[in-house]
Amino acid sequence: MKERIRRLLVCRVPGIRDRYEAFRLGRGRKRWQALGYLLWLNIQYYLLFRRSLGRPLRFPAYEEKRLYAKAAESSLAFAKSPEELADELAAYDVVCFDVFDTLLFRPFSEPADLFHLVGAQLNYPDFRRLRTQAEETARQEKQAAQGTREVTLEEIWAVMEREAGIPRQTGLEAEWRCEQRCCRANPYMRRVVELLRGRGKPLAAVSDMYLGRARVRALLEQNGFGIFDRYFLSCDHQKSKYDGSLYPVVRGSMGRGLCYAHVGDHPLSDGTQAERHGFHACLYPNVNRLGGRYRPEDMSAITGSIYRGIVNAHLYNGLRRYSREYEYGYVYGGLFAAGYCRFIHDYAGRHGMDKILFLSRDGAVLLEAYRRMYPEEAGKTAYAYWSRLAAAKLTASYFKADYFRRFLFHKAGQGFTLRQAVESMELDGMLPPLCRSLSVEPEEKLTYNLAGEVKEYLTAHWAEVLRQYQPQVEAGRVYYRDLLRGCRKAAAVDIGWAGSGAVTLDYAVNRLWGLDCPITGLLAGTNAAGSPEPDAGEPLLFSGKLASYLYSQQFNRDLWKFHDPGRGHNLYWELLLSAPEPGLKGFYPDGAGKAVCRPKDKAPDGGRIREIHAGILDFVQAFLETERRLGLSIPVSGRDAYAPMISACGDKNKRFWKEQEALMDDMHIG
């Protein structure tokens, strides 16, 4: 009967189940409170018709977050500098610090997500849930037996051994190893502690925690905080900050007549209760509570939590304020760059690529990220000049339809003159006879009809067109001959979307220049369902000449359908990667047997682009440091890499993207 009631009230509706489980596991919740909440959820859903409660909390169809658009997100962080806070705290005789989420950060958005890694070490499925339940059981049993909920790690693992079957010592040691690997110093608070210690202030660590004095001391020391004067752990004293009973212990131990300040992140435990017991409370906002409203939840459990933890700690610790451009790179480009580079590395290794070519301009920051992640492969990678403009001219003999589409039909009806179109093709000498033949003036606007007539004329004089490009073809051969010397096969990294960059390069290298080095294109993403030509790259994806990281018709089809160039999605990704240099106009002979890579005339706003790239590279560095500390490789699927962008692409964030439009104009994107 009990199980039938549970299935009816809890399991039947996923949204009710998620909300009930989250409430039930909350600190200090009574059984009757959880039951009352469960009944209220069912009343709202079935009788008040609040059907939104039926949706699971963690898995919406497409998650949408309202981003902060008034200024850079880091402007919301703790306002005082470390020096200002140290000056404030120095007025007190003793300064106390909360430990976790104040002095120490874990690389997760939820503290309990550390248990996922413990479960991985122990090769035990569903470990996080079991460990969380065991802790609550241990607290309830302690409350019943001794009138306190404060437990030790040993007591928790006694319950785990009894309930889950994992040997107590084995599990306890695995969890402690994870804590040591995961905990790292909050750089803001480390500076505050250094300043206060330099003034000779007595410092105390005060924490509601089950690890105990010896372990907390070890964590603080190994993260550069040195030795505190005293350590007060709830599990050691059977008192807690949460109910206020630990504060009199601190005062009684360190001196009742002294003035105390306490710094921590919990409004009740570190704020209200501290003030109630005569401590000056300095609330340091929890970085994950501040940043959580803007971070995507629809990600895989561990990688998503690590991503959110890294971003929130970096933006909200209070040590620095960042520009919007920097944050755009860090928040939306960092995880993507790390995952994409790993995809490139794994693909190149599996397929025996001799060279990885990062095509200009989108490949610049990716190349730098790749070399940071795989410094031993620096000689295997190269920045390769290539562009759609240069490729259209060099490969016109084969990709004739694309040539005319790019130079004529894409410009038709856009305000370009015939002269501008012909000059962009670098066929200036053919303009006078063309105008005479068509009875038009050079300054006539290029319409679709006129574009068709120009195409017919150039087709009739195709040999002359190709002859005009022959010096560029030869210069391109010289450039790539040197770049690919000794290579049997190579990969070309290009953001996408039809894969034309890699495809045209493969044609030029092998069929035009005869360099005998097949090129495979590694794309960030393909043409999406909403593209004008959604199937354009499918034959080459099918054959393996192209491979995609984020999505294609073959995998992550929900992203393939979600990604919409018409709503600017292509531009948002290109904004992340475009380099602070003009695009390539073409290859030209220098008269000495070498090739000159000649850029377009106008360069984009380099300073703002470098800010974006700095954000991307700083995230990659933090990601690598997290992997080093954890002692493992963090998988980043294409779906996870896209998730931050999904949550930003909804209608709620038109103002956020409006702020980026000027930047796109400056960077010549679109």
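Select Arg655 and display its surroundings: apart from neighbours within four places in sequence, Arg655 is in contact (heavy atoms within 4.5 Å) with Ala69 and Lys70. The C-alpha atoms of Arg655 and Ala69 are 6.3 Å apart, although 586 residues separate the two along the chain. Arg655 belongs to helix α30, residues 654–666; helices (H or I, at least four residues) and strands (E, at least two) are DSSP runs, numbered from the N terminus.

This is a predicted model, in which local features need pLDDT of at least 70 and side-chain atom pairs count only at pLDDT 80 or more, while totals for chains, interfaces and linings use all residues. Residues are numbered from 1 along each chain as its sequence is written, and side-chain values use heavy atoms, with hydrogens and water left out.

Next, select residues 355–359, strand β8, together with residues 381–384, strand β9. These strands pair (DSSP finds at least two bridges between them) in the parallel sense, over 4 bridges. Leu359 stands opposite Ala384 in β9.

Finally, show the whole chain, which has 30 helices and 14 strands. Its C-alpha trace spans about 100 × 65 × 45 Å along the principal axes. Among contacts with a separation of 6 or more, 74% join residues 24 or more positions apart.
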